[in-house]
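Here are my notes on this model, as promised. Have it open beside you while you read, and start with the aromatic rings.

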Amino acid sequence: LSGYINSSSFRDSYIAKFNTVTPNTTPIITARSNPFGLALDATSKLYIAESGVSNGNRISRATLTDAQPIATPLFTTGLNKPTRLKWSADNYLYSTETGSNEISRANLGVASPVMQSYFNSGLSQPMGLDVVGTKLFVGDFGSTSIKNIDTSVSPFQVNTHVIDYAS
(Lines give C-alpha, C1' and ligand atoms only; values in the text may rest on other atoms or scores of the structure.)
Protein backbone atom coordinates (compact mmCIF):
# COMPACT_ATOMS: atom_id res chain seq x y z
CA LEU A 1 0.00 0.00 0.00
CA SER A 2 3.02 2.26 0.20
CA GLY A 3 3.04 4.95 -2.45
CA TYR A 4 -0.74 5.16 -2.78
CA ILE A 5 -3.38 7.60 -1.62
CA ASN A 6 -7.00 6.46 -1.49
CA SER A 7 -9.73 8.89 -2.48
CA SER A 8 -13.49 8.83 -2.87
CA SER A 9 -15.46 10.20 -5.78
CA PHE A 10 -18.76 11.48 -4.38
CA ARG A 11 -20.24 12.18 -7.81
CA ASP A 12 -19.06 9.01 -9.55
CA SER A 13 -19.64 6.70 -6.55
CA TYR A 14 -16.31 4.88 -6.45
CA ILE A 15 -13.11 4.65 -4.41
CA ALA A 16 -9.83 5.09 -6.26
CA LYS A 17 -6.18 4.69 -5.48
CA PHE A 18 -3.76 7.33 -6.64
CA ASN A 19 -0.22 6.22 -7.37
CA THR A 20 2.12 8.89 -5.97
CA VAL A 21 5.03 7.74 -8.17
CA THR A 22 3.28 7.63 -11.54
CA PRO A 23 0.31 10.00 -11.30
CA ASN A 24 -2.33 7.45 -12.22
CA THR A 25 -5.74 7.02 -10.63
CA THR A 26 -7.37 3.59 -10.66
CA PRO A 27 -10.89 2.84 -9.41
CA ILE A 28 -10.64 -0.07 -6.94
CA ILE A 29 -14.11 -0.18 -5.35
CA THR A 30 -17.20 0.73 -7.34
CA ALA A 31 -20.98 0.98 -6.89
CA ARG A 32 -20.91 2.98 -3.65
CA SER A 33 -23.71 5.35 -2.62
CA ASN A 34 -22.12 8.80 -2.52
CA PRO A 35 -18.89 7.86 -0.75
CA PHE A 36 -17.77 10.80 1.32
CA GLY A 37 -15.32 9.96 4.09
CA LEU A 38 -12.62 7.32 4.31
CA ALA A 39 -10.62 5.90 7.22
CA LEU A 40 -7.85 3.32 7.17
CA ASP A 41 -7.02 1.12 10.16
CA ALA A 42 -3.70 -0.53 11.08
CA THR A 43 -4.62 -3.76 9.24
CA SER A 44 -5.30 -2.08 5.87
CA LYS A 45 -9.05 -2.16 6.23
CA LEU A 46 -10.69 0.82 4.56
CA TYR A 47 -13.90 2.22 6.04
CA ILE A 48 -16.23 4.13 3.70
CA ALA A 49 -18.93 6.59 4.79
CA GLU A 50 -21.76 6.44 2.27
CA SER A 51 -24.23 9.28 2.63
CA GLY A 52 -26.34 8.74 -0.49
CA VAL A 53 -30.11 8.49 -0.55
CA SER A 54 -30.27 5.11 -2.29
CA ASN A 55 -28.35 2.42 -0.38
CA GLY A 56 -26.68 5.13 1.66
CA ASN A 57 -26.57 6.06 5.32
CA ARG A 58 -24.16 3.23 5.92
CA ILE A 59 -20.51 2.54 6.59
CA SER A 60 -18.85 -0.18 4.55
CA ARG A 61 -15.50 -1.91 4.95
CA ALA A 62 -13.01 -3.33 2.45
CA THR A 63 -9.62 -5.00 2.89
CA LEU A 64 -7.14 -3.19 0.66
CA THR A 65 -4.62 -6.04 0.64
CA ASP A 66 -7.12 -8.22 -1.26
CA ALA A 67 -6.39 -8.54 -4.99
CA GLN A 68 -9.82 -7.05 -5.73
CA PRO A 69 -11.13 -5.22 -2.65
CA ILE A 70 -14.87 -5.63 -2.12
CA ALA A 71 -16.76 -3.28 0.17
CA THR A 72 -19.32 -4.93 2.42
CA PRO A 73 -21.74 -2.98 4.61
CA LEU A 74 -20.64 -2.92 8.25
CA PHE A 75 -23.09 -0.44 9.82
CA THR A 76 -26.44 -0.10 8.06
CA THR A 77 -28.90 1.26 10.63
CA GLY A 78 -29.13 4.35 12.78
CA LEU A 79 -26.86 6.52 10.66
CA ASN A 80 -27.92 9.89 9.25
CA LYS A 81 -25.63 11.15 6.49
CA PRO A 82 -22.24 9.90 7.69
CA THR A 83 -19.63 12.19 6.18
CA ARG A 84 -16.23 11.86 7.84
CA LEU A 85 -14.59 8.87 9.46
CA LYS A 86 -11.60 8.55 11.73
CA TRP A 87 -10.01 5.36 13.08
CA SER A 88 -8.18 5.73 16.38
CA ALA A 89 -5.28 3.68 17.74
CA ASP A 90 -7.53 2.28 20.50
CA ASN A 91 -9.58 0.61 17.72
CA TYR A 92 -12.61 2.89 17.68
CA LEU A 93 -14.17 4.15 14.47
CA TYR A 94 -15.67 7.65 14.74
CA SER A 95 -18.16 9.16 12.30
CA THR A 96 -19.57 12.64 11.84
CA GLU A 97 -23.25 12.47 11.00
CA THR A 98 -24.27 15.66 9.26
CA GLY A 99 -27.95 14.74 9.10
CA SER A 100 -28.33 14.34 12.88
CA ASN A 101 -25.58 16.78 14.00
CA GLU A 102 -23.66 14.25 16.05
CA ILE A 103 -20.52 12.19 16.40
CA SER A 104 -20.96 8.42 16.61
CA ARG A 105 -18.42 5.74 17.37
CA ALA A 106 -18.03 1.97 17.37
CA ASN A 107 -15.56 -0.26 19.19
CA LEU A 108 -14.03 -2.34 16.41
CA GLY A 109 -12.27 -4.57 18.96
CA VAL A 110 -15.44 -6.50 19.82
CA ALA A 111 -17.06 -9.37 17.91
CA SER A 112 -20.19 -7.44 16.92
CA PRO A 113 -19.44 -3.70 16.87
CA VAL A 114 -22.33 -1.25 17.06
CA MET A 115 -22.21 2.38 15.91
CA GLN A 116 -23.64 4.50 18.74
CA SER A 117 -24.16 8.19 19.36
CA TYR A 118 -21.15 9.56 21.26
CA PHE A 119 -21.51 13.36 21.23
CA ASN A 120 -24.48 15.42 20.07
CA SER A 121 -24.42 18.74 21.87
CA GLY A 122 -24.15 22.03 19.99
CA LEU A 123 -23.11 20.69 16.59
CA SER A 124 -24.44 22.10 13.34
CA GLN A 125 -23.46 20.12 10.23
CA PRO A 126 -20.23 18.52 11.49
CA MET A 127 -18.04 17.87 8.45
CA GLY A 128 -14.44 17.52 9.64
CA LEU A 129 -13.04 15.13 12.23
CA ASP A 130 -9.79 14.22 13.92
CA VAL A 131 -9.08 12.25 17.07
CA VAL A 132 -5.97 12.87 19.16
CA GLY A 133 -5.90 10.80 22.34
CA THR A 134 -9.01 11.73 24.32
CA LYS A 135 -9.75 14.83 22.23
CA LEU A 136 -12.05 15.13 19.25
CA PHE A 137 -11.54 18.00 16.84
CA VAL A 138 -14.68 18.64 14.83
CA GLY A 139 -15.01 20.99 11.88
CA ASP A 140 -18.52 22.29 12.38
CA PHE A 141 -19.66 23.71 9.06
CA GLY A 142 -22.96 25.19 10.26
CA SER A 143 -21.33 27.28 12.99
CA THR A 144 -18.11 27.96 11.02
CA SER A 145 -16.09 26.74 13.95
CA ILE A 146 -13.74 24.07 15.18
CA LYS A 147 -14.91 22.25 18.31
CA ASN A 148 -12.23 20.83 20.59
CA ILE A 149 -14.02 18.19 22.68
CA ASP A 150 -12.17 16.72 25.67
CA THR A 151 -13.69 13.29 26.35
CA SER A 152 -11.49 12.53 29.38
CA VAL A 153 -13.80 14.49 31.69
CA SER A 154 -17.48 14.04 32.45
CA PRO A 155 -19.37 15.84 31.13
CA PHE A 156 -17.22 16.35 28.06
CA GLN A 157 -15.57 19.77 27.95
CA VAL A 158 -16.06 21.70 24.71
CA ASN A 159 -13.97 24.64 23.51
CA THR A 160 -15.20 26.41 20.40
CA HIS A 161 -12.87 28.26 18.06
CA VAL A 162 -14.93 30.42 15.69
CA ILE A 163 -13.48 30.95 12.27
CA ASP A 164 -13.91 34.52 11.10
CA TYR A 165 -14.03 34.51 7.32
CA ALA A 166 -14.14 38.33 7.21
CA SER A 167 -10.59 38.84 8.46
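**Notes on the predicted model**

1. Ring pairs tie Y92, Y94, Y118, F119 and F156 together into a cluster. Rings of Phe, Tyr and Trp (its six-membered ring) pair here if their centres lie within 6.5 Å; planes under 30 degrees apart are called stacked, over 60 edge-to-face, and the rest tilted. By this rule there are four aromatic pairs. One of them is Y92 with Y94: the centres are 6.3 Å apart and the planes at 45 degrees, so this pair is tilted.

2. Before going further, a word on the ground rules. The model is predicted, so local features need pLDDT of at least 70 and side-chain atom pairs count only at pLDDT 80 or more, while totals for chains, interfaces and linings use all residues. Residues are numbered from 1 along each chain as its sequence is written, and side-chain values use heavy atoms, with hydrogens and water left out.

3. How covered are these rings? Buried means under 20% relative accessible area, exposed over 50%, and partly exposed in between (1.4 Å probe, protein chains only). Y92 is buried at 18%, and Y94 is buried too, at 4%. Y118 and F156 make another tilted pair, 5.3 Å centre to centre with 50 degrees between the planes. That pair links distant parts of the chain: Y118 is in strand β11, F156 in the loop between β14 (145-150) and β15 (157-162), 38 residues apart. F156 is partly exposed, with a relative accessibility of 27%.

4. Helices (H or I, at least four residues) and strands (E, at least two) are DSSP runs, numbered from the N terminus, and the protein chain has zero helices and 15 strands. Two strands pair if DSSP finds at least two bridges between them. β9 (residues 92-97) and β10 (residues 102-107) pair antiparallel over six bridges, with N107 as the bridge partner of Y92. Four residues lie between the strands of this hairpin, and N101 takes a positive phi near 55 degrees.

5. On to the next neighbour. β10 also runs antiparallel to β11 (residues 116-119), joined by three bridges, and R105 stands opposite Q116. Have a look at R105 from the ring side as well: its charged end sits over the ring of Y92, 3.9 Å from the centre. The rule for this asks for NZ of Lys or CZ of Arg within 6 Å of the ring centre and within 35 degrees of the ring normal.

6. What makes up the largest nonpolar core? A core is a set of buried Ala, Val, Leu, Ile, Met, Phe, Trp, Tyr and Cys residues joined through side-chain atoms within 4.5 Å. The largest has 12 residues, including Y47, F75, W87, L93 and M115. β5 (45-50) and β8 (82-87) are the elements that give two or more residues to this core. With contact meaning heavy atoms within 4.5 Å, and neighbours within four places in sequence set aside, the partners of L93 include A39, I59, L85, R105 and L108. A second, separate core has 10 residues, among them Y92, I103, V131 and I149.

7. One loop deserves a look. N34 lies between β3 (25-29) and β4 (35-40) and is partly exposed at 23%. Its C-alpha atom is 5.4 Å from that of E50, 16 residues away along the chain.

8. Of the contacts between residues at least 6 apart in sequence, 27% join residues at least 24 apart.
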